[in-house]
Amino acid sequence: DKDMLSEWFVNTVSDWMPEAERASVFTVDHSSGRIDLLAHKPSLKPIVSDVLVHRALEIRSAYAWEQVGKDESVRRLAANSGIYVPLFSMGEELGLICVENTAEGECFSMVHVSALVLVGKIMSIPLGYSVRKDTG
């Protein structure tokens, strides 16, 4: 079930990627055109950038982001870096997984990106099945 899978991801990612202070899973609702939050950790209101989430979905590729300046929108998020991985199944956009950290000078590496891409591909299998089952 997509909720259990999302909860698993946000609750365990920091076990194998300690740099990930925050984690989120989003799904794309094609009927409304919205991006809906499935799970987030910590349990406070998620602090993620809509711009960065939409960028990952638009370019259809994972990417790492690092704060290099004091851009106002980024400063408000209090994030130093993040990784955004879009989820696809059979060419269909399903959603996105995202991790961020707030420690100044702490950055994610390409090894982190590769690990999240792999996890995203694995998560896309049951998520894709769930979406197809829900839409008939």
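Colleague: How many aromatic pairs does the structure hold?

Modeller: It holds 1 aromatic pair. Rings of Phe, Tyr and Trp (its six-membered ring) pair if their centres lie within 6.5 Å; planes under 30 degrees apart count as stacked, over 60 as edge-to-face and the rest as tilted. Keep in mind that this is a predicted model, where local features need pLDDT of at least 70, side-chain atom pairs count only at pLDDT 80 or more, and totals for chains, interfaces and linings use all residues. Residues are numbered from 1 along each chain as its sequence is written, and side-chain values use heavy atoms, leaving out hydrogens and water.

Colleague: Which charged end sits over the ring of Tyr-63?

Modeller: A charge sits over a ring if NZ of Lys or CZ of Arg is within 6 Å of the ring centre and within 35 degrees of the ring normal. Here the charged end of Arg-55 does so, 4.2 Å from the centre of the Tyr-63 ring.

Colleague: On to the sheet. What is the order of its strands?

Modeller: Strands of a sheet pair through backbone hydrogen bonds, either parallel or antiparallel. Two strands count as paired if DSSP finds at least two bridges between them; strands (E, at least two residues) and helices (H or I, at least four) are DSSP runs, numbered from the N terminus. This open sheet has 5 strands in the order E2-E1-E5-E4-E3, with antiparallel pairing. Strand E2 (34–41) and strand E3 (63–66) are the edges, each pairing on one side only. Between E4 (residues 81–89) and E5 (residues 92–101) there are 9 bridges, and Ser-89 stands opposite Glu-92 in E5.

Colleague: Which residues touch the most other members of the largest nonpolar core?

Modeller: A nonpolar core is a set of buried Ala, Val, Leu, Ile, Met, Phe, Trp, Tyr and Cys residues joined through side-chain atoms within 4.5 Å. Buried means under 20% relative accessible area, exposed over 50%, partly exposed in between (1.4 Å probe, protein chains only). Of this core's 21 residues, Phe-9, Val-13, Ile-97, Val-99, Leu-116 and Met-123 touch the most other members. Helix H4 gives the largest share, 5 residues.

Colleague: And Lys-41: where is its place?

Modeller: Lys-41 is in strand E2, and it counts as partly exposed because its relative accessibility is 31%. Contact means heavy atoms within 4.5 Å. Not counting residues up to four places away in sequence, Lys-41 touches Val-10, Asn-11, Glu-21, Arg-22 and Ala-23.
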